[in-house]
Amino acid sequence: MCTLEKHGDVFVLTLTGSSDVDEHRFGPPAIDSILSAIAKAKAEATPGSALITTSHGKFFSNGFDLAWAQAAGSRTGARERLHYMVESFRPVVAAMMDLPMPTVAAVNGHAAAAGLTLALSHDYVIMRRDKGVLYMSEVDIGLTLPDYFAALFRAKVGSATARRDVLLRAKKIKGEEALRMGLVEAAYDSEEQVAEASMRLAKQLAGRKWAGEVYAEIRKSLCPDLCGVLGLDMRAVVSNSKL
Amino acid sequence: MCTLEKHGDVFVLTLTGSSDVDEHRFGPSAIDSILSAIAKAKAEATPGSALITTSHGKFFSNGLDLAWAQAAGSRAGARERLLYMVESFRPVVAAMMDLPMPTVAAVNGHAAAAGFTLALSHDYVIMRRDKGVLYMSEVDIGATLPDYFTALFRAKVGSATARRDVLLRAKKIKGEEALRMGLAEAAYDSEEQVAEASMRLAKQMAGRKWAGEVYAEIRKSLYPDLCGVLGLDIRAVVSNSKL
């Protein structure tokens, strides 16, 4: 599940688990919880808001709850459950694209599959360079990517070579390499440093006091294909306060 | 307003102003003037032509004439005037895409918003590294971007991170950073050096004696999305003179 707290102007969405090695998998309740938290942040947004998404321990998130899918007891049942999670998670990515404030993913540990997708749905990604990898595992486990996953990666990962290495080669990418590939903004040597740097960046962005609606529309205009896949409208906005 | 002069084979379009600190804003008259100058260059184009666009003083251009918009006296009036300038400027970007000769923006000073857009409409951008920034101010002033602005930046700015930093983070980008981000071809230490280097590059391009129609079509074929947004056709051309 997750919690949503506020530190001054900065919302902090924390994926929670039962232990230090919890994989923070996205099953139906977790996805609901995340969607509600994002909606709450959106409802309480003001110019000068920002969001950090993070977790604690070894994993940021390892993706969908495949164990829940397999607990269906049959191949058909498992595929139905997987499809259900894929479709439930689509609005999460859409909500991140539409969120009227700057967003930072403070990636404390491994981020794989839907977990990496969630991280990449943020405007800025900060991760560790001493531990943890970014990893799109789908080709390794024999699954194709949902259309909106591929669209997100095409939008956010600029280099064709990087996109191939991430999606087609299932590279396990450590912090330094993630920096070189342009996947992350910065990489630090501990979970605490990642948290501090993320809060610094979030506060800096919040301090620009951007009009949230305008910010969200400009964000979406950077990824028109992704918005098309997600069914998100884009529109012209002139903020009341400045003109 | 602007002037159009010819230096050998090179057209020089100069944005003019009343002083060294004129912001060379694009109001309706300036936009008309620029459109006419580009049309004149197009009409007089021969194989071996090239265009430099430049200005003098502290600013290349700070964008659309927002003061003229606000002089409407009401919020609705201001928005109408802003929209009018946005729609009047659209053919300028289209004309730059269609211009049958290589183009160089000799960016002598600050280039912001529509000023930055004009610079990026050129095939090559040369700027100062001792002074002046490139800056898309829209998110800071609370306005979303016209569709053709966004399409231009998506076309010309290769890195997703750079696009985000320019449009969503409103970074003020100096010469050295512009080089690293791939926004500029070269950066020099004075307005004179920028002018010399731009003329050198323009003459070099002109010396290739490219068939202008072919050059323009190949240029457009690099940016099909932008052409779609601008309503520009792209067609096959075989230059009579070479085959």
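How many salt bridges does the structure hold over all chains? The count is 31, where a salt bridge is a side-chain nitrogen of Lys or Arg within 4 Å of a carboxyl oxygen of Asp or Glu.

## Ground rules

This is a predicted model, so local features need pLDDT of at least 70 and side-chain atom pairs count only at pLDDT 80 or more, while totals for chains, interfaces and linings use all residues. Residues are numbered from 1 along each chain as its sequence is written, chains are lettered from A and ligands numbered from 1 in the order in which they are written, and side-chain values use heavy atoms, with hydrogens and water left out.

## A covered strand in chain A

Let's start with strand E7 of chain A, residues 124-128. (Helices, H or I with at least four residues, and strands, E with at least two, are DSSP runs numbered from the N terminus.) Five of the five residues in E7(A) are buried, so the strand is largely enclosed by the rest of the structure. Buried here means under 20% relative accessible area, exposed means over 50%, and partly exposed is in between, using a 1.4 Å probe and protein chains only.

In a regular strand the side chains alternate between the two faces of the sheet. Both faces of E7(A) are covered: A:Tyr124, A:Ile126 and A:Arg128 sit on one side, A:Val125 and A:Met127 on the other, and all are buried. As for neighbors, strand E5 (residues 103-107) of chain A pairs with E7(A) in the parallel sense over four bridges, with A:Ala105 opposite A:Val125. Strand E9 (residues 186-188) of chain A also pairs with E7(A) in the parallel sense, over three bridges, and there A:Met127 stands opposite A:Ala187. Two strands count as paired if DSSP finds at least two bridges between them.

## Salt bridges within a chain

Side chains of opposite charge can pair when their charged atoms come close. A:Arg128 meets A:Asp130 in a salt bridge, at 2.7 Å from N to O. A:Arg128 is buried, with a relative accessible area of 12%, whereas A:Asp130 is partly exposed at 36%. Another pair in chain A joins A:Arg169 and A:Asp165, whose closest N and O atoms are 3.7 Å apart. In that one the arginine, A:Arg169, is exposed with a relative accessible area of 54%, and A:Asp165 is buried at 8%.

Over in chain B, B:Lys209 forms a salt bridge with B:Asp9, the closest N and O atoms being 3.9 Å apart. B:Lys209 lies in the loop between helix H9 (191-206) and H10 of chain B, and B:Asp9 in the loop between strand E1 (2-7) and strand E2 (10-15) of chain B, so the pair ties together parts that are 200 residues apart in sequence. Both ends are partly exposed: B:Lys209 at 43% relative accessibility and B:Asp9 at 34%.

## Where the chains meet

On to the interface: 22 residues of chain B are in contact with 28 residues of chain A, contact meaning heavy atoms within 4.5 Å. The area buried between the two chains is about 2,400 Å², and carbon and sulfur atoms give 55% of it. That area is the accessible area (1.4 Å probe) that two parts lose on being put together, summed over both. In chain B, B:Thr144, B:Leu168 and B:Arg169 lose the most area to chain A, together 29% of what that side buries.

Three salt bridges are counted between chain B and chain A. A:Arg208 forms a salt bridge with B:Asp140, with the closest N and O atoms 3.2 Å apart. There's also a network of salt bridges linking A:Glu185, B:Arg164, B:Asp165 and B:Arg169.

## Inside chain B

Strand E3 (residues 50-54) of chain B is mostly covered, with five of its five residues buried. B:Ala50, B:Ile52 and B:Thr54 point one way, and B:Leu51 and B:Thr53 the other way. E2(B) pairs with E3(B) in the parallel sense over five bridges, and B:Thr14 has B:Thr54 as its bridge partner in E3(B).

Helix H10 (residues 212-222) of chain B has buried residues too: B:Gly212, B:Tyr215, B:Ala216, B:Glu217, B:Arg219 and B:Lys220. Their cover includes H3, strand E5 (103-107), strand E7 (124-128) and helix H11 (224-230) of chain B.
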